[in-house]
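Thanks for coming, everyone; today I would like to talk through the aromatic contacts in one model. Please have a look at it first.

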Amino acid sequence: MNNRDSDHLIAELREKESYTLTDDPKEADLILLNTCSVREKPERKLFSEIGQFAQMKKPGAKIGVCGCTASHLGEQIIQKAPSVDFVLGARNISKITQVIHQPKAVEVDLDYDDSAYVFSKVQNTDVKALLNISIGCDKQCTYCIVPHTRGKEISIPTPMLLQEATKMAQNGIKELLLLGQNVNHYGTRFSIPHKPTNFTQLLRELSAIEGIERIRFTSPHPLHMDDEFLEEFAQNPKVCKSIHIPLQSGSTKVLRDMKRGYTQEWYLDRIHKLRALVPNVGISTDIIVAFPTESDSDFLETMKVLEEVRFDTLYSFIYSPRPHTQAQHLPNTISREEASARLSALQSRHREILAEKAQKEIGKTHRVLIENYQDRAPEIWSEGRSDTNRLIKIPNQILPMGALVDVQITHNDGGSLSGKLLNA
């Protein structure tokens, strides 16, 4: 989401204010820090970076803080760091060309709606592109600050999405990554008159666009994974057979405390339904360990789900208390040492599972979209991702960007896969 917001900031400034990018902050007329506040560490890092840029910037250059941390700290940022010229919240990105001309501007209105705003064209020379389909989040997960930084959930009108995706395809984009806090909740609320629709219908309409070969999305919510959605996922040939399904905890009790809206049983039921439809599906997830109410037995429930699902990718973190969240006020008796031990146990077992799964890839054939290559001897190779989101290298081959090729896996080096080209 932040990458896409950065794309929009750059596009607006380039087209409407004649800015160009520079890799040298000492030469910049404008320095933007686009922030995340999901966890505490990036937020702490912000003020350190502001100080560094303030020392190195040239006279007259401006510093702007954008994104989620800007949303919830607002004027506090300028009070704490006077070198900052303006603050622009995540819900107010479309105002960038206004605030750069307003000294000490603070635009952090969570009710601001730019869901129907047509951003300037993003320059993209890749074969893949990001596409926002909604903004904000209506969920009230007790650990999550996002509803307090990105506001209520609003879907972007379908005609706008189809128009933008069509232009992307005409410019050589082969793969779309659809973005939303809860993508499969699409269609729940629009800010303009709109026909009834849902995420499954959106997938069908986007997949009808000529030139779009692949569609991915993140992140769906387990609660909204109905059978219609799972069946479309399985049957639509343009929808990649990899999916991110956030678990957060394997304990039904902790899930209730997190206000996730589902149980361990529901989560596993959706996994089993999905694998019955798509046996080779790639599944990634998020897990938080040491949530304040997580007991030893609750953690073991998470390990149980890990063993049963055997995720292909795992993003795991120690619980980080965030302002404006209900969990911030829960008593927490879990020591830092115990939290670290739980995270280590989870990650260690997952690494073992990945090694086991990677070895079983030998001999399998994957359809790969080429997205990178190296043509300098002795390192000559092409690489890309499979339909199931496995990164696969093809040695001794220089293939055009955007090519879809079949690759048979021949080597597994610590989970890194490589193979031979079967067709071009």
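**Aromatic rings and their neighbours**

At 16% relative accessibility, F190 counts as buried, where buried means under 20% relative accessible area, exposed over 50% and partly exposed in between, with a 1.4 Å probe and protein chains only. Before going further, this is a predicted model, in which local features need pLDDT of at least 70 and side-chain atom pairs count only at pLDDT 80 or more, while totals for chains, interfaces and linings use all residues. Residues are numbered from 1 along each chain as its sequence is written, and side-chain values use heavy atoms, with hydrogens and water left out.

The structure holds eight aromatic pairs, a pair being rings of Phe, Tyr or Trp (its six-membered ring) with centres within 6.5 Å, called stacked if the planes are under 30 degrees apart, edge-to-face if over 60 and tilted for the rest. One of them joins Y186 and F190, and because the centres are 5.6 Å apart and the planes stand at 85°, this pair is edge-to-face. Y186 is buried as well, with a relative accessible area of 3%.

The pair of F291 and Y319 is also edge-to-face, because its centres are 5.4 Å apart and its planes lie at 75°. F291 is buried at 0% relative accessible area, and Y319 is buried at 7%.

Ring pairs also link F199, F217, F229 and F233 into a cluster. K241 lies over the face of F233, at 5.7 Å from the ring centre, the criterion being NZ of Lys or CZ of Arg within 6 Å of the ring centre and within 35 degrees of the ring normal. Likewise, the charged end of K95 sits over the ring of Y112, 4.0 Å from its centre.
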